[in-house]
Amino acid sequence: MAHALGVKALLLPAVKAADFEHVKDLAHQHGNTIPGLVYTLGIHPLYIQYSSDEDLVILEKKIQASLADSRFVGIGEIGLDYFVDGIDPYRQEYFFHAQLDLAEQFQLPVILHLRRSQDAILKALRRRKLCGGIAHAFNGSFQQAKQFIELGFKLGFGGAATFDRALQIRRLLKELPLNSIVIETDAPDIPPAWLREEGLKFNSPAYLPKIARSLADIRGVSHEEFAVTTWSNAMQVLPRWSSLIATLPVFSENP
């Protein structure tokens with residue numbers, strides 16, 4: 001369905017060790033349909049309670065084995081979540097720091113989960129020489145946004161910005177440099193406003209073009225300019241992805 005609506009590139013992030021082979025298989029199985037289908041490997045902070053120290057060893061081995069795979073583009077989704085109760089913050093930090101060390105070791109970009117943890121994540125990033133990445137579902141302050149950008153990160157915006165009440169996210173979307181923004185869905189989570197209005201709960205990559213047009217309208221720029229620039233932003237921060245899909249057309253207006 002996403003392909004039929006003009007989606008030519010998607011990123012599948014792993015969230016636990018059991019996902020590692022699955023996201024890789026999906027990327028290769030459907031790569032002919034969606035030429036820019038890629039994946040990342042990592043352990044999400046909400047899954048560390050189901051993870052063992054051995055999973056970090058497995059992750060390192062999988063990263064090493066995937067370096068020759070053109071559809072492998074980085075490490076993620078990793079980070080810290082200080083919003084959900086009951087998840088040991090020290091255990092989160094242990095897994096996060098270990099995965100940042102792998103990102104530094106292999107010089108791979110990272111996809112960051114940073115719910116109510118922006119400052120702690122910024123502190124961890126500054127301790128290492130990393131090559132940037134994406135701050136997923138960004139909802140911090142302008143000062144924090146500037147610091148992530150200075151560290152080589154792009155900021156992810158998606159369905160949350162389509163809600164009229166999301167005043168801070170919309171302000172960020174309007175006022176941050178356009179060359180710092182990328183588009184995302186976080187499917188099946190963070191559904192856009194119109195899905196909620198229709199009584200639907202689950203997001204989908206198929207909604208990416210409509211989300212992109214909505215974000216462009218909020219920003220006050222043409223759909224084409226927004227699509228071309230955010231595409232370029234993603235390719236800049238995920239260079240392995242850029243190498244895979246350098247020849248794909250960037251923009252097409254869909255109904």
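## The sheet and a buried histidine

Strand S4 runs parallel to strand S5 (residues 133-136), and four bridges join the two. Please keep in mind that this is a predicted model. Across this pairing, His113 stands opposite His136 of S5.

Stepping back, S4 and S5 belong to an open sheet of seven strands with parallel pairing, in the order S1-S2-S3-S4-S5-S6-S7. Strand S1 (9-13) and strand S7 (181-183) form the edges; each has a single partner strand, so one side of each is left without a neighbour in the sheet. From one strand to the next, the twist averages 30 degrees.

Now back to His113, which is part of strand S4 (residues 110-115). Is this histidine buried or exposed? His113 has a relative accessible area of 9%, so it counts as buried, the limit being under 20%.

| Side chain | Partner side chain | Polar contact |
|---|---|---|
| His113 | Glu77 | 3.0 Å |
| His113 | Asp81 | 2.6 Å |

Beyond its neighbours up to four places away in sequence, His113 also touches other residues, including His44, Pro45, Ile121 and His136.

## Helices on the sheet

Helix H4 (residues 118-126) lies across strand S3 (72-81), S4 and strand S6 (153-157), and runs at about 145 degrees to S4. Helix H5 (residues 142-150) packs on the sheet as well, where it touches S4, S5 and S6; its direction and that of S6 make an angle of about 130 degrees.

Helix H1 (residues 20-29) has Phe20, Val23 and Ala27 buried. Viewed down the axis of H1, its buried residues fall within an arc of 80 degrees, so they line one face of the helix. Their cover includes S1, strand S2 (36-41) and helix H2 (53-66).

## The nonpolar cores

Which residues have the most contacts inside the largest nonpolar core? They are Ile63, Leu112, Phe148 and Phe157, in a core of 64 residues. Helix H3 (residues 89-106) gives the most to this core, with six residues.

Leaving aside neighbours within four places in sequence, its contacts include Leu112, Leu114, Ile121, Leu125, Ala135 and Leu155. A second, separate core has 13 residues, among them Ile111, Ile134, Met235 and Trp241.

Terms used: Residues are numbered from 1 along each chain as its sequence is written. This is a predicted model: local features need pLDDT of at least 70, side-chain atom pairs count only at pLDDT 80 or more; totals for chains, interfaces and linings use all residues. Side-chain values use heavy atoms; hydrogens and water are left out. Buried means under 20% relative accessible area, exposed over 50%, partly exposed in between (1.4 Å probe, protein chains only). A polar contact is a pair of N or O atoms within 3.5 Å; within protein, one must be able to donate a hydrogen and the other to accept it, and residues adjacent in sequence count only if both atoms are side-chain atoms. Contact means heavy atoms within 4.5 Å. Two strands pair if DSSP finds at least two bridges between them. Axes are lines fitted to C-alpha atoms, for helices over the stretch in contact, and angles run from 0 to 180 degrees between N-to-C directions. The arc is that of the directions from the helix axis to the C-beta atoms. A nonpolar core is a set of buried Ala, Val, Leu, Ile, Met, Phe, Trp, Tyr and Cys residues joined through side-chain atoms within 4.5 Å.
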